[in-house]
Amino acid sequence: MALRRKSWIAVMVAALFMAGLGLGLSCSKRNEYIDMGTYYIAIYEASRPDATASSEGGDSSRACSRSGVLPWVNVDWNEAKAACEAAGARLCNADEWGDACDGVKGSGGSTYPYGNTYRGSTCNGSDAGKERAVPTGFMSACVSGFGAYDMSGNVSEWTNESSGSGRVIRGGSFDGASGSGYLACAVEVGSNPSNSHDSKGFRCCRDK
Ligand SMILES: [Ca+2]
Ligand SMILES: [Ca+2]
């Protein structure tokens, strides 16, 4: 009986440990960010702490940068900003986001994260035909020279940049117009900060 109780306790401890991992202990690790020299940028589009590959989750406590989970969408600019700040981070400015996508710090870089020639099936734009957000990093070739995933397509991403009375979103999304238009690293689209949509998410940066 004593042995049986011990093994039961061991199972419970293991289960609690696994639950802890699943609930976002990995959410605060530095290695989910890329060291860009003067700042960090998230490797992945932001996700909720309780997101899985099949559910966006519902925990709004902070933004995570994790692979293999659905990104956080239907989020307006203020909510995105708050979610990054709750994770000790912030939204990215234009140059930070652009360089992480184009693979070259400062001026210059590739047109798309994977190169200069548009490939409709590499990232999750409308030409990939998925018509929905896929888990972060699922499009494994959709990675920039710095190692950031889904900078082009999947969900578009709020940044900290102003655009008139709005804020800039970058990267295009799965439901954008067919072709390369919005999927290039340099393209900026202004949006009302109160807008939210199931194809619009965000990505966090962090000071060094
Ligand atoms: Ca650049
Ligand atoms: Ca994206």
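Which glycine follows α2, and is its phi positive or negative? I looked there to start. Gly88 follows α2, and its phi is positive, near 75°. I keep in mind that this is a predicted model.

**Entry: overall layout**

I counted elements next. The protein has 3 helices and 8 strands. Along the sequence I read the pattern α-β-β-α-β-α-β-β-β-β-β. Of the 208 residues, 44% are buried. I also checked how far apart in sequence the contacting residues are. Among contacts between residues at least 6 apart, 63% join residues at least 24 apart.

**Entry: α2**

I went back to α2 and listed its buried residues. They are Trp77, Ala80, Lys81, Ala83 and Cys84. These residues lie on the same side of α2, because they cover an arc of only 165° around the axis. A helix makes one turn in 3.6 residues, so positions three or four apart point the same way. I then asked what lies over the buried residues of α2. The cover includes β3, β4, β5, β7 (200–202) and β8.

**Entry: the core**

I looked up the largest nonpolar core. It has 49 residues, and Ala63, Ala148 and Cys204 have the most contacts inside it. At least two residues of this core come from each of β2 (39–42), α2 (77–86), α3 (94–102), β5 (166–170) and β8 (204–207).

**Entry: Cys204**

I took Cys204 from that list. Leaving out neighbours within four places in sequence, I found Cys204 in contact with Ala42, Ala46, Ala63, Ser65, Cys84, Ala87, Ala89, Arg90 and Leu91. One of these contacts, Ala63, is also among the residues with the most contacts inside the core. Another, Cys84, is among the buried residues of α2.

β3 and β8 are joined over 2 bridges, in the antiparallel sense.

**Entry: Ala148**

Where does Ala148 lie? I found it in the loop between α3 and β4 (156–163). Why is Ala148 counted as buried? It has 25 other C-beta atoms within 10 Å, so it is buried; the cut-off is 20 or more. Not counting residues up to four places away in sequence, Ala148 touches Ile34, Ile41, Ile43, Ala100, Cys101, Pro113 and Val143. I also checked Ala148 against Glu32, 116 residues apart along the chain. Their C-alpha atoms are separated by 9.9 Å.

**Entry: α3**

Gly103 follows α3, and its phi is positive, near 85°.

β5 was next. It is largely enclosed by the rest of the structure, because 4 of its 5 residues are buried. β4 and β5 run antiparallel and are joined by 4 bridges. I noted one pair: Trp158 has Ile169 as its bridge partner in β5. The hairpin of β4 and β5 has 2 residues between the strands, and Gly164 takes a positive phi near 60° there. β5 also runs antiparallel to β6 (residues 188–191), again with 4 bridges. In β6, Ser191 is the bridge partner of Arg167.

I ended on two loop residues. Asn74 sits in the loop between β2 and α2. Its phi is near 50°, a positive value in a residue other than glycine. Asn74 counts as partly exposed because it has 13 C-beta neighbours inside 10 Å.

Is Glu131 buried or exposed? It has 10 other C-beta atoms within 10 Å, so it is exposed. Glu131 lies in the loop between α3 and β4. Its phi is near 60°, positive in a residue other than glycine.

Note on methods. Residues are numbered from 1 along each chain as its sequence is written. Chains are lettered from A and ligands numbered from 1 in the order in which they are written. This is a predicted model: local features need pLDDT of at least 70, side-chain atom pairs count only at pLDDT 80 or more; totals for chains, interfaces and linings use all residues. A residue is buried if 20 or more other C-beta atoms lie within 10 Å of its own, exposed if 12 or fewer, and partly exposed in between; C-beta atoms are placed from the backbone. Two residues are in contact if their C-beta atoms, placed from the backbone, lie within 7 Å. A nonpolar core is a set of buried Ala, Val, Leu, Ile, Met, Phe, Trp, Tyr and Cys residues joined through C-beta atoms within 7 Å. Two strands pair if DSSP finds at least two bridges between them. The arc is that of the directions from the helix axis to the C-beta atoms.
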